[in-house]
Amino acid sequence: MEKPQPVLPASKQATNCAHYDRNCLLLCSVCKDFFPCRFCHDSVKCSPSVAAELRHKFDRASVAKVKCKLCKHVQGVARECESCKAVFGKYFCDKCKLFDNADKKQFHCDLCGICRQGGRENYFHCVTCGCCLSLSLKENHKCIQNMLTSGCPICLEEMMYTREDCVFLPRCSHALHKKCFMELSKFSYQCPMCFKSFVNMSHAYSQLATEIAGNPMPGEYQHRNVTILCNDCDKYVFVCGVGKLMLSFTSWEPGVLRVGLTTVSYTHLTLPTICSV
């Protein structure tokens, strides 16, 4: 998704919003100005041009007043205007003070404390992970305590309340923004947190085995063994001096990933995603 674009305050007649399709403006409890949404507010009130002591973020949970875009009537938070009866949003969440006419299959998760999109029937809430996850991960993910409360390991921006898609890597379940993953996959094949491979390394390992077979170790080292810990399967293995390899492959659908100058066979993953509204 695109980054929120700066807009003028509603007091200067800027009532359009690039983030939500709604028929009302929200009153900020701090600056007492009306804005189309929290992103429009933050792009103005948190900009470098605003004095540091006056910068503040929009707390939509504290919204108590809204203004109808059509008749300018100011009232308490509700689904429709008390004056002209215009519906502020086909989807309305009183807990999040969220209005949206676009159908994104929104749903509110009480355990997350926010609204998410994608359809309640397609997600479940993992108490240990502290977030909603795709049903495809219900019996197939590694629990990480409050996994989305930390920042994305690539851009360091928060993930719990982001409107960006977040993905979960297949071996380790570490999360990062989908757009950050797509950039990472252009030059790396490892999770930035634990360095487990998120691609099928069979082709790379076969290339490495061929190179080792063509370059045998000197005689005095051929009978020496070392113990290494496989980063992908977390098992200790013995590697002898002639360079035998322990290969651990998956059945992922093959694709192509370029890592530096090496072409590595990997899955063209359709990773489970989640984002807030």
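Among contacts in the protein chain (heavy atoms within 4.5 Å) between residues at least 6 apart in sequence, 43% join residues at least 24 apart. This is a predicted model, where local features need pLDDT of at least 70 and side-chain atom pairs count only at pLDDT 80 or more, while totals for chains, interfaces and linings use all residues. Residues are numbered from 1 along each chain as its sequence is written, and side-chain values use heavy atoms, with hydrogens and water left out.

**Overall make-up**
- The protein chain has three helices and 17 strands; helices (H or I, at least four residues) and strands (E, at least two) are DSSP runs, numbered from the N terminus.
- Of its 277 residues, 44% count as buried, where buried means under 20% relative accessible area, exposed over 50%, and partly exposed in between (1.4 Å probe, protein chains only).

- Strand β1 (residues 24-27) and strand β3 (residues 65-68) run antiparallel and are joined by three bridges; two strands pair if DSSP finds at least two bridges between them.
- Helix α1 (residues 38-45) is mostly covered, with seven of its eight residues buried.
- Those buried residues are R38, F39, C40, H41, D42, V44 and K45, and what covers them includes β2.

- β9 pairs with strand β10 (residues 131-134) in the antiparallel sense, over four bridges.
- F124 has L133 of β10 as its bridge partner.
- Four residues sit between the strands of this hairpin, and G130 takes a positive phi near 75°.

**Two loop residues**
- S173 is in the loop between β11 (166-168) and β12 (175-177), and it's buried, with a relative accessible area of 5%.
- The S173 side chain reaches the backbone nitrogen of K142 at 2.9 Å.
- Leaving aside neighbours within four places in sequence, S173 is in contact with H141, K142, I144, M147 and F168.
- G113 is in the loop between β7 (107-109) and β8 (114-116), and it's partly exposed, with a relative accessible area of 42%.
- Not counting residues up to four places away in sequence, G113 touches C96 and H108.
- G113 and Y161 are 48 residues apart in sequence and 9.7 Å apart in space, C-alpha to C-alpha.

**The cavity**
- The count comes to one cavity of 30 Å³ or more; on a 1 Å grid over the protein atoms alone, a cavity is a set of points where a 1.4 Å probe fits but cannot get out.
- The largest cavity has a volume of about 50 Å³, volume being the space filled by probe spheres set on the points, which are joined across faces, edges and corners.
- Its lining residues (those with an atom within 4 Å of a point) are Y20, R22, L26, C37, R38, F58, R60, K97 and L98.
- The lining divides into five nonpolar, no polar and four charged residues; Ala, Val, Leu, Ile, Met, Phe, Trp, Tyr, Cys and Pro count as nonpolar, Asp, Glu, Lys and Arg as charged, and the others, Gly among them, as polar.

Note on methods:
Polar contact = N/O pair within 3.5 Å; in protein donor to acceptor, adjacent residues only side chain to side chain. 1 Å grid on protein atoms, 1.4 Å probe; cavity = no way out; pocket = protein on both sides within 12 Å on 5 of 7 lines; lining within 4 Å.
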